[in-house]
Amino acid sequence: MPELLIELFSEEIPARMQARARDDLRRLMTDALVEAGLSYRSAGAFSTPRRLALSVEGLDAASKPVREERKGPRADAPEKAIEGFLRSTGLSRDQLELRDEKKGQVYFAVIERPGRPAAEIVAEALGPVIRDFPWPKSMRWGSGRLRWVRPLHSIIAILSDEGGAEIVPFEIEGIKAGDQTRGHRFMAPDAFSVTGFDDYRAKLRRAKVMLDSAEREGEIAQGAANLAFARGLEIVEDQGLLSEISGLVEWPVPLMGEIETRFLSLPSEVLQTSMKEHQKFLSARNPKTGRIEGFVTVANIETEDDGATILAGNQRVLAARLSDAAFFWENDLRAAKAGMEDWAAGLEAVTFHNKLGSQAARVKRIAALAREIAPVVGADPEQAERAARLAKLDLRSAMVGEFPELQGIMGRYYALEAGEDAAVADAARDHYAPLGPSDEVPTAPVSVAVALADKIDTLTGFWAIGEKPTGSKDPFALRRAALGVIRLVLGNGVRVRLSRLFSRGKMLHDLQEALRLVSEDLDEAEIAASWLGVDVEKLTESKEQIRKSLMSDDERAERSLAFFEERARSRPVEDKGPDLLTFLHDRLKVHLRDQGIRHDIIDAAIAIEGSDDLVLLVKRAEALAAYLGTGDGANLLQGLKRAGNILAQAEAKDGVEYSFGADVKFAETDEERALFAALDAAEPAISEALAAEDFAAAMGAIAGLRAPIDAFFEAVQINADSAILRRNRLNLLHRIRAAGAGLADFSRIEG
């Protein structure tokens with residue numbers, strides 16, 4: 001079976017685009033081949049900075065002939081119907097067959113398509129793939145109309161088997177497919193011919209090109225590790241940078257350099273970030289001191305002086321870059337030692353969102369929330385508020401202005417330099433975390449308080465202005481913020497009613513909006529008075545109360561919050577989607593699903609009171625999942641659901657709630673009396689276990705009801721002729737439903 005080799009040779013492809021381009025080339029080309037009737041055994045795509053390549057093994061030599069029969073209209077059908085059928089088949093009327101059926105003669109079309117050689121199909125498929133290739137950015141060059149990521153120079157398209165290689169007859173914009181490529185731009189620039197993928201790969205290697213990006217990545221990692229080890233250092237792991245470097249070189253040559261002593265006092269994160277962002281250097285760390293003391297640069301060429309000239313040039317450029325970083329660092333340290341007042345004032349001019357105010361306003365809200373959260377997580381309220389007020393000051397620093405990815409990290413350094421407590425400084429660093437699923441969750445109490453406050457302010461703020469995620473769109477990363485809240489709460493076992501925190505967060509936004517609206521201008525004053533629900537004459541008093549609520553005096557803040565909350569309740573709120581707690585529950589379902597807990601079990605746990613305490617909610621869901629995974633649990637579930645369904649139907653039909661009055665004296669059967677006795681014994685144990693939040697024990701107590709419930713349903717007719725018996729038995733079913741109601745809504749569980 002033939003093997004197909006395609007190479008698209010161009011100017012340098014940006015490293016960030018190469019992985020997706022490989023996948024797109026494989027997907028688009030193989031889909032087109034399969035659609036045209038060719039099957040294949042395997043396909044692999046490869047990239048270097050100057051080429052995309054595709055190898056398809058075990059390809060059919062030709063597509064199979066196809067014979068298709070299609071039934072058309074009756075012979076006496078309207079002429080337009082027959083003409084439409086002819087157009088759809090591409091046949092003429094004399095090519096149709098008339099066949100007798102029960103209702104008369106019917107036209108049939110017999111369409112036969114002969115098989116086509118693979119070369120013809122490949123040529124037909126390759127054109128649209130190249131013309132419509134989904135590059136994030138592309139360009140035109142010269143006078144042609146073809147767009148490619150960079151000017152396209154040549155194309156290899158050959159089919160090879162035991163008999164030799166055949167060039168696919170293909171041409172696009174004057175570029176004719178052939179069997180020639182080129183090696184390394186400098187070390188082996190001459191053209192050479194290839195006969196198949198193995199030959200292509202081997203000759204490229206001899207021409208100083210490693211075709212496989214994974215091989216280049218491994219070569220870089222191993223070479224860098226060896227160089228660092230020889231100097232007693234270790235490479236700082238950075239998989240993203242490693243992948244990017246492998247997309248910049250065709251023949252990687254790692255070279256080791258040292259950082260000048262005058263720069264070693266810079267924070268390690270500054271050194272690493274500067275080298276990564278500006279020069280794509282891998283950082284080398286001294287494991288004894290933790291300092292970044294060296295770097296590895298990856299050249300794309302072997303030189304006679306073993307890279308000495310390249311390394312010297314890189315050292316000069318690095319010195320200039322690090323001199324800039326040192327200048328930023330020294331200036332920032334002076335500002336930190338002075339108390340960072342200028343940075344705090346500067347946040348007034350930094351807009352967080354045009355509807356949510358400045359970063360300075362946001363800091364006030366976060367500080368108020370952090371102070372309230374602090375006792376819940378075991379943090380000192382004063383420290384939590386102080387940390388919140390400092391956490392975002394580094395946004396005004398020169399270093400973060402140059403390297404935004406260092407925000408928070410630099411905040412810790414500056415806070416320590418300003419003489420702040422270590423817990424406060426650590427919170428400045430940690431309050432953004434966790435940013436992603438692989439990030440560590442902060443555990444220090446002050447850090448947890450500020451991190452929670454930061455994310456809750458984000459969520460409540462955007463919810464307040466109606467900017468909620470829709471479909472796949474989430475421009476303000478609210479899903480990430482919600483998952484951050486979930487991981488902070490669960491990871492630290494924080495027992496808090498999130499509804500209360502959400503309400504407080506919303507209130508702080510409302511307070512600041514009210515303060516903004518209150519003005520000496522009469523028109524704006526009237527608007528503010530209407531919005532607040534107070535008389536214009538009382539605006540001065542209102543303004544003062546609102547302002548006080550944003551200060552640190554707890555008693556005054558509470559009075560002001562209560563004052564505004566009373567008036568805010570009457571303000572109409574437009575519902576633009578699910579409420580915030582529902583949104584958080586949706587994120588929790590995804591989080592727990594990854595841990596193996598079914599969505600219906602989570603729904604059942606969410607449906608009962610206390611679902612805004614995530615720790616409690618997850619404990620219930622875990623206990624429920626564990627028990628329902630047993631045979632007894634599955635059987636008990638059926639009994640509880642049956643009781644709930646019968647009761648719900650009866651209540652809907654009768655228009656009453658059967659929730660009181662079940663009396664054993666009306667029991668007629670032993671099974672009925674046994675169920676009364678079992679409930680009498682189980683209910684105190686269930687209540688005690690639920691009060692102690694021992695949900696496993698609660699499930700165990702509920703499990704004791706399985707046998708009496710089964711026996712009851714086997715022996716007793718619920719809808720008895722006697723109204724008294726029917727009512728008593730329905731009230732008994734209510735006791736069954738109520739027994740499990742403290743743990744979950746069992747009606748929501750599937751199966």
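Modeller: Helices (H or I, at least four residues) and strands (E, at least two) are DSSP runs, numbered from the N terminus. This model is predicted: local features need pLDDT of at least 70, side-chain atom pairs count only at pLDDT 80 or more, and totals for chains, interfaces and linings use all residues. Residues are numbered from 1 along each chain as its sequence is written, and side-chain values use heavy atoms, leaving out hydrogens and water.

Colleague: What follows H10?

Modeller: Gly378 does, with a positive phi near 80°.

Colleague: How do you know whether the span of H10 agrees with its 19 residues?

Modeller: The expected span is 1.5 Å times one less than the number of residues. For H10 (residues 359-377) that should give 27 Å, and the end C-alpha atoms lie 25 Å apart, which agrees.

Colleague: What makes H10 largely enclosed by the rest of the structure?

Modeller: Buried means under 20% relative accessible area (1.4 Å probe, protein chains only). In H10, 14 of the 19 residues are buried, so the helix is largely enclosed.

Colleague: What is found at the start of H10?

Modeller: A side-chain oxygen of Ser358 comes within 3.3 Å of the backbone nitrogen of Ala360.

Colleague: Why are S4 and S5 said to stand at the edges?

Modeller: Two strands pair if DSSP finds at least two bridges between them. The open sheet has the order S4-S6-S5, with antiparallel pairing. Strands S4 (66-74) and S5 (97-101) each have a single partner strand, so one side of each lacks a neighbour in the sheet.

Colleague: How many bridges join S4 and S6?

Modeller: Seven, in the antiparallel sense. Arg74 has Val106 in S6 as its bridge partner.

Conventions:
Buried means under 20% relative accessible area, exposed over 50%, partly exposed in between (1.4 Å probe, protein chains only). A polar contact is a pair of N or O atoms within 3.5 Å; within protein, one must be able to donate a hydrogen and the other to accept it, and residues adjacent in sequence count only if both atoms are side-chain atoms.
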